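Trainee: I would like to learn how to read a model of a protein chain. Could we go through one together?

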Amino acid sequence: MSEGRLADRAYTGIVEMINADGLAVGDRLPSEARLAEIFGMSRTVVREALVRLAADSITEARRGAGSFVKNRPSDKLGAYMPLSELPSTLGSYEVRFVLEAEAARLAAARRSAEEMASIEEGLAQLRAALLSNAPAHVEDMELHRRIVLATANPAFLIAFEALQSDVDRIMRAGVGISRSRPPEAIGEMMREHEMIVEAIRAQDGDGAALAMRWHLSQGRKRLMP
């Protein structure tokens with residue numbers, strides 16, 4: 001088995017440990033050496049898993065002290081994906097931070113009047129879905145897709161569609177978990193999309209990229225309790 005696949009298993013094993021042992025935010029994880037012993041893997045593989053867990057805001061490393069729990073993934077995530085898919089699903093955020101932020105920047109600079117109208121229509125469809133009891137992930141995906149299309153660069157669409165299965169799981173989970181919370185959660189999600197579209201409408205490339213990164217960052221947080 002490749003080191004990447006082993007790191008996925010270590011990542012999943014650490015999340016299972018956090019849940020099964022009832023570790024709270026701020027609790028210290030076992031040392032790299034101990035985790036390697038528990039999982040029967042090399043410290044290099046465990047270190048890669050910890051780096052990815054930190055990137056996904058589940059753990060944090062403190063110099064000289066080890067790794068600590070930063071966020072616990074929502075218990076409701078299990079309704080949308082098996083735990084074994086969590087590493088690739090959350091890992092897709094790192095790609096989206098680069099891909100979709102730049103797509104929003106280019107869309108702001110290049111969008112035609114027709115593409116702007118299409119993005120506005122996508123926003124209206126998402127608003128209607130979010131304010132109803134509909135799942136809304138299809139409309140969410142479509143709005144993001146229309147922004148990517150407005151880059152006038154087909155390579156962006158190819159890259160975005162390659163992430164579709166992971167993004168679909170995230171969008172389903174994000175909407176579903178948000179609906180289990182106070183109504184303000186859905187309102188915040190809607191406002192984040194509006195900020196992206198407003199910047200594209202104003203042809204503010206930096207503002208559009210920043211708004212997209214903020215939306216994705218908040219989206220990842222919504223997957224935590």
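The dialogue below goes from the whole chain to single residues.

Mentor: First, the ground rules. This is a predicted model, where local features need pLDDT of at least 70, side-chain atom pairs count only at pLDDT 80 or more, and totals for chains, interfaces and linings use all residues. Residues are numbered from 1 along each chain as its sequence is written, and side-chain values use heavy atoms, with hydrogens and water left out.

Trainee: How many helices and strands does the chain have?

Mentor: Elements are DSSP runs numbered from the N terminus: helices are H or I with at least four residues, strands are E with at least two. Here there are 10 helices and two strands. Their order along the sequence is α-α-α-β-β-α-α-α-α-α-α-α. The radius of gyration is 19 Å, close to the 17 Å from the globule rule for 225 residues, so the chain is as compact as a globular protein of that length. That radius is taken over C-alpha atoms, and the rule is 2.2 Å times the number of residues to the power 0.38. Along the principal axes, the C-alpha atoms fill a box of roughly 60 × 35 × 30 Å.

Trainee: What share of the residues is buried?

Mentor: Start with the cut-offs: buried is under 20% relative accessible area, exposed is over 50%, and partly exposed is in between, with a 1.4 Å probe and protein chains only. Buried residues are 46% of the 225 in the chain.

Trainee: Among contacts between residues at least 6 apart in sequence, what percentage join residues at least 24 apart?

Mentor: A contact means heavy atoms within 4.5 Å. The figure for this chain is 74%.

Trainee: Which residues other than glycine have a positive phi?

Mentor: The general idea is that most residues other than glycine have a negative phi. Ala 136 has a positive phi of about 75 degrees. It lies in the loop between helix H5 (113-130) and helix H6 (137-149). Its relative accessibility is 2%, so Ala 136 counts as buried. Gln 203 has a positive phi near 60 degrees. Its loop runs between helix H9 (184-201) and helix H10 (205-222). Gln 203 is partly exposed, at 49% relative accessible area.

Trainee: How is an aromatic pair described?

Mentor: By the distance of the ring centres and the angle of the planes. Rings of Phe, Tyr and Trp (its six-membered ring) pair if their centres lie within 6.5 Å; planes under 30 degrees apart are stacked, over 60 edge-to-face, and the rest tilted. One aromatic pair turns up in the whole structure. Tyr 93 and Phe 97 form this tilted pair, with 6.1 Å centre to centre and 35 degrees between the planes. They are separated by about one helical turn, because they are four residues apart in helix H4 (residues 86-110).

Trainee: Are Tyr 93 and Phe 97 buried or exposed?

Mentor: Both are buried.

Trainee: Which residues does Glu 115 contact, leaving aside neighbours within four places in sequence?

Mentor: Glu 115 contacts Arg 110, Leu 149 and Ala 150. Glu 115 lies in helix H5 and is partly exposed at 26% relative accessibility. Glu 115 and Leu 149 are 34 residues apart along the chain, yet their C-alpha atoms are separated by 8.1 Å.

Trainee: Where is Thr 12 found, and what does Thr 12 touch?

Mentor: Thr 12 is in helix H1 (residues 3-20). Thr 12 touches Leu 83, Ser 84 and Pro 87, not counting residues up to four places away in sequence. Its relative accessible area is 11%, so Thr 12 is buried.
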